[in-house]
Amino acid sequence: MNTYSKLIRPLLFQLDAEQVHHRAIQLGQLAGSIKPIRAIFSSLYSFSDPRLQTEVCGIRFSNPLGLAPGWDKNGRAINVLSAMGFGHVEVGSISRGPSLGNPKPRLFRLPLDQALVVYYGLPNDGSDAIAARLKRLQLSIPLGINIAKTNRGVAAPPESDDEVIDDYVYSARRLKDVGDYICLNLSCPNTRNGREFFEDRQRIGHLLQALSELNIRCPVFLKISPRGGIRRIEEILQAVEGVSWVSGFVFNAPPGKPNCLLTPRRFVEAMPGAVTGKPVERHINEYIYMMYGLMDRNRYRIIGSGGVFTAEDAYRKICLGSSLVQLVTGMVFEGPSIAKKINQGLLSLLERDGFANLSEAVGTGSDL
Ligand SMILES: Cc1cc2nc3c(=O)[nH]c(=O)nc-3n(C[C@H](O)[C@H](O)[C@H](O)COP(=O)(O)O)c2cc1C
């Protein structure tokens, strides 16, 4: 146990989860804006080794571990996150219009399960404001931009297919030259349009067709729901077949609550939202393995997230087929040194298994 788990986490876990998240972003933004503080973070938390470097879709990453979207939704703390040893940061989800998200409370911890229950519903400052903010930054690590449909709240009138698709197109136009890659979130478990809209695969086709007009030059990933088994993965692969600029896939947390939770059901049922962290790890790993088995590996790459807390967890996702790995919940539970610990551990695992570098390990395993 480190100082974070022994002293800081017990204190933080007494406080409201969203308040802690909000304050952490504020502190992160401040720390990232002061060069000497960034340097201190770097000396404490960075770890580099050429064997961890990897090139994915033409982008060079100093290590495979990134911060998944949802933590730095508005791109405020990227500088400090890069000093904390992450090899990339994906900001967002960002939507066309600013959104307040879902009603509070909307973030809960399940310490027994090493999990969170998330019901944020995509609050963010909107693509205009965030694009302006990101354009001013000079970053030392690759930046991913996660785009989703604006959440206008449950009381908003239903929108037509064209309106939903225009929402994505607007954000993609504003953000396409701001980051190193784009991830289209087609699967937010906590909003009406996020959850079900793209279950109709023709709508994925319509969205990609509309986006084709934008001539997006950076790699584009699709964040999809880990549901529907092999048939759904085949459907997704068919939907992207003729679209040369789609570069790969990420699996979101599944909607609802898994059956395996240790936290008593009566507590969990009172929390709206989807579970992230350890309880969804194996389920998402199954989808990563299925996708890797079915996709054209010369064409697509997988970014694996879901329950990554340790180097072994990250390595498992790499061996199942992920070229990059991301986390959010692991950082909430393990603290700011998580990237360093995972990267150090990954190196030992590569050495143990006789791989000269990270890419050699991708897709070499089947243990879930
Ligand atoms: C607090 C929180 C907010 C999230 N918000 C988003 C989001 O806005 N967009 C998105 O694509 N994923 C979002 N996610 C999902 C994460 O990016 C990730 O896919 C998921 O949490 C699984 O990884 P983890 O177990 O390491 O947290 C969020 C997750 C958490 C914990």
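In this structure, D177 and K176 form a salt bridge in which the closest N and O atoms are 3.7 Å apart, a salt bridge being a side-chain nitrogen of Lys or Arg within 4 Å of a carboxyl oxygen of Asp or Glu. D177 counts as exposed at 51% relative accessibility, whereas K176, at 16%, counts as buried; here buried means under 20% relative accessible area, exposed over 50%, and partly exposed in between, with a 1.4 Å probe and protein chains only.

The model is predicted, so that local features need pLDDT of at least 70 and side-chain atom pairs count only at pLDDT 80 or more, while totals for chains, interfaces and linings use all residues. Residues are numbered from 1 along each chain as its sequence is written, and side-chain values use heavy atoms, with hydrogens and water left out.

## Salt bridges

Side chains of opposite charge can pair when their charged atoms come close. The structure holds 22 salt bridges, and the table gives some of them, including the pair described above.

| Pair | Closest N to O distance |
|---|---|
| D177 and K176 | 3.7 Å |
| D313 and K278 | 2.7 Å |

R152 lies in the loop between strand 7 (143–147) and helix 6 (161–175), and D167 lies in helix 6, so the pair ties together parts that are 15 residues apart in sequence; helices (H or I, at least four residues) and strands (E, at least two) are DSSP runs, numbered from the N terminus. R152 is partly exposed, with a relative accessible area of 45%, whereas D167 is buried, with a value of 2%. Both residues belong to a network of salt bridges that links K149, R152, E159 and D167.

D313 forms a salt bridge with K278. Because D313 lies in helix 12 (residues 311–320) and K278 in helix 11 (residues 278–294), this pair ties together parts that are 35 residues apart in sequence. D313 is buried, with a relative accessible area of 6%.

## The ligand

Of the 23 residues around the ligand, P69, S93, G277, G307 and T329 come nearest, where a residue is near a molecule or strand if one of its heavy atoms lies within 4 Å of it. Polar contacts are pairs of N or O atoms within 3.5 Å; within protein, one must be able to donate a hydrogen and the other to accept it, and residues adjacent in sequence count only if both atoms are side-chain atoms. An N or O atom in the side chain of N146 is 3.2 Å from an oxygen atom of the ligand, and a backbone N or O atom of V328 lies 3.0 Å from a ligand oxygen atom. For T329, an N or O atom in the side chain is 2.5 Å from an oxygen atom of the ligand.

On its own, the ligand has 590 Å² of accessible area, of which the protein covers 96%; accessible areas come from the Shrake-Rupley method with a 1.4 Å probe, and for residues only the protein chains shown count as cover. Strand 4 (88–94), strand 6 (115–118) and strand 11 (274–277) are the elements that give two or more residues to the shell around the ligand.

## Backbone and cysteines

Most residues other than glycine have a negative phi, and most peptide bonds are trans. A cis peptide bond joins G92 and S93, with omega about 5°, and S93 lies in strand 4. Another cis peptide bond joins K104 and P105, with omega about -5°; P105 is found in the loop between strand 4 and strand 5 (107–110).

L122, although not a glycine, has a positive phi of about 60°. This residue is found in the loop between strand 6 and helix 5 (127–135) and is buried, with a relative accessible area of 7%.

C57 is not a glycine either, yet has a positive phi of about 50°, and is found in the loop between strand 1 (54–56) and strand 2 (59–61). C57 is partly exposed, with a relative accessible area of 29%. The structure holds 0 disulfides, a disulfide being a pair of cysteine sulfur atoms within 2.5 Å. The sulfur of C57 is 10 Å from the closest cysteine sulfur, in C218, which is too far for a bond.

## A surface patch

L27, L30, I34 and I37 form a nonpolar patch on the surface, with about 350 Å² of accessible area together. L27 is found in helix 2 (residues 17–33) and is exposed, with a relative accessible area of 60%. Patches are made of residues with over 30% relative accessible area and no salt bridge, like charges being joined within 9 Å and nonpolar side chains (Val, Leu, Ile, Met, Phe, Trp, Tyr) within 5 Å.
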